[in-house]
Amino acid sequence: MAGASLWSVLDMLRNLQHSFPQVDIKYDPDSSSTTPVILHLRPHLDLLFSGKHQRLHTICLRKLRDPNPPVTLRYKETILSSTEDALTRVAVRRTFGPTYPGDDLRYPGLWFSFEEDAMGEGVKAGMGDDRTQEVKRVLISQKENDGKSQDALEEVGEVPIMTGDIRQAVVRVHHGVTLYFHPSSSHPVQVKLGETTAQDLTLDLGPPLRVHYKEDERMSIHATDNAPEANEEPRYFYNYFQHGLDFLITGPRHVVTKIILHSNVPGSPLFQRYKRCNWEIEGEPEDDEDGTISILPLYRLPNLDSLYQTPLHVNGSTTG
């Protein structure tokens, strides 16, 4: 379904290995944190996910008559294509009606292409006025409000499948993070360092998918001098893989003392362990007279040294 997250789709495919034994993940290694990702499910499906939020943007169905495995394409009660029945230009027009002239037949959210091969790599398969020309690929994407299909580099608009997911996480260094959810009308949740408790997290976010008791001390290098961690105090992580968040909880009051946000960057060691958390860092006013707060992505922070002296960390990088 359009708008599903990359993390959720890959997690589903992991449980359907008998149906999809091979899944290829294609991405740009030079800018994998900000560019689209394509899942290729042999031989019929290409799934394109948006670059920033990693949401399912476009579904491409190809090799319609490949019998291994066979695929049947239906529209309402009509069979459009099968291994025995080719889908032609005239059949598309008969089913969906007239559309604008061109080599391809494009309707709101639906595109019938006569090019061979994968998305954007095809070769023209004949003249545009050939009524018996065979459809090679069918692409499905979200419609804009004006009825037009989205550009491949645009983000996916809000849809019901996003309900309950984090839309944006705004970080305030030394303070905590504010979580904004889908739908956009939802009330934000604030997680404050040294104040929010484990019980608060459970009430606001639900129970974590895993509780991990902290034994590795390497993260202690990031702790502030005025907040030492006593070894005798309870220390454990709440892991919210479905939100791309970890919370370290310590002390007799079981309060949050560290927050880790994950970006699910393809090619990174933690890829697909966590869903992408679309985080931004709230910067300080630019001057004493300007009371406004700027929102900065990590790579635009003027001084990264100050970030590493705080108990709040981000995993990977993403745009703001």
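This is a predicted model: local features need pLDDT of at least 70, side-chain atom pairs count only at pLDDT 80 or more; totals for chains, interfaces and linings use all residues.
I started with Cys60, which is buried at a relative accessible area of 0% (buried is under 20% relative accessible area, exposed over 50%, partly exposed in between, with a 1.4 Å probe and protein chains only). Then I checked Cys277, also buried, with a relative accessible area of 1%. I looked for disulfides next, taking a pair of cysteine sulfur atoms within 2.5 Å as the rule, and the count is zero.

Residues are numbered from 1 along each chain as its sequence is written, and side-chain values use heavy atoms, with hydrogens and water left out.

**The sheet**

I traced an open sheet of seven strands, ordered β1-β2-β3-β4-β9-β8-β7, with antiparallel pairing. My strands and helices are DSSP runs numbered from the N terminus (helices H or I, at least four residues; strands E, at least two), and two strands pair if DSSP finds at least two bridges between them. At the edges I found β1 (23-26) and β7 (105-107); each has a single partner strand, so one side of each is left without a neighbour in the sheet. The twist averages 15° from one strand to the next; for angles, axes are lines fitted to C-alpha atoms, for helices over the stretch in contact, and the range is 0 to 180 degrees between N-to-C directions.

I zoomed in on β4 (residues 56-62) and β9 (residues 137-141), which run antiparallel and are joined by five bridges. Opposite Leu61 I found Val138 in β9.

Then the helices. Helix α1 (residues 6-14) packs on the sheet and touches β1, β2 (37-41) and β3 (45-49), its direction making about 20° with that of β2 (contact means heavy atoms within 4.5 Å). Helix α2 (residues 89-96) lies across β7 and β8 (110-113), at about 20° to β7.

**Salt bridges**

How many salt bridges does a search of the whole structure find? I got nine, counting a side-chain nitrogen of Lys or Arg within 4 Å of a carboxyl oxygen of Asp or Glu.

I looked at Glu134 and Arg65, whose side chains meet at 4.0 Å, N to O. Glu134 is in the loop between β8 and β9 and Arg65 in the loop between β4 and β5 (73-75), so the pair ties together parts that are 69 residues apart in sequence. Glu134 is partly exposed at 24%, and Arg65 is partly exposed too, at 34%.

Next I took Lys275 and Asp165, a salt bridge at 3.3 Å, N to O. Lys275 sits in the loop between β16 (255-262) and β17 (279-282), and Asp165 in the loop between β9 and β10 (166-172), so this pair ties together parts 110 residues apart in sequence. Lys275 is buried at 8%, as is Asp165 at 13%. I also see Arg55, Asp165 and Lys275 linked in a network of salt bridges.

Arg106 bridges to Asp104, the closest N and O atoms being 4.0 Å apart. Here Arg106 is partly exposed at 48%, whereas Asp104 is buried at 10%.

**Thr197**

Last, I went to Thr197, in the loop between β12 (189-192) and α3 (198-205). Is Thr197 buried or exposed? Buried, at 17% relative accessible area. Leaving aside neighbours within four places in sequence, I find Thr197 in contact with Arg253, His254 and Val255.
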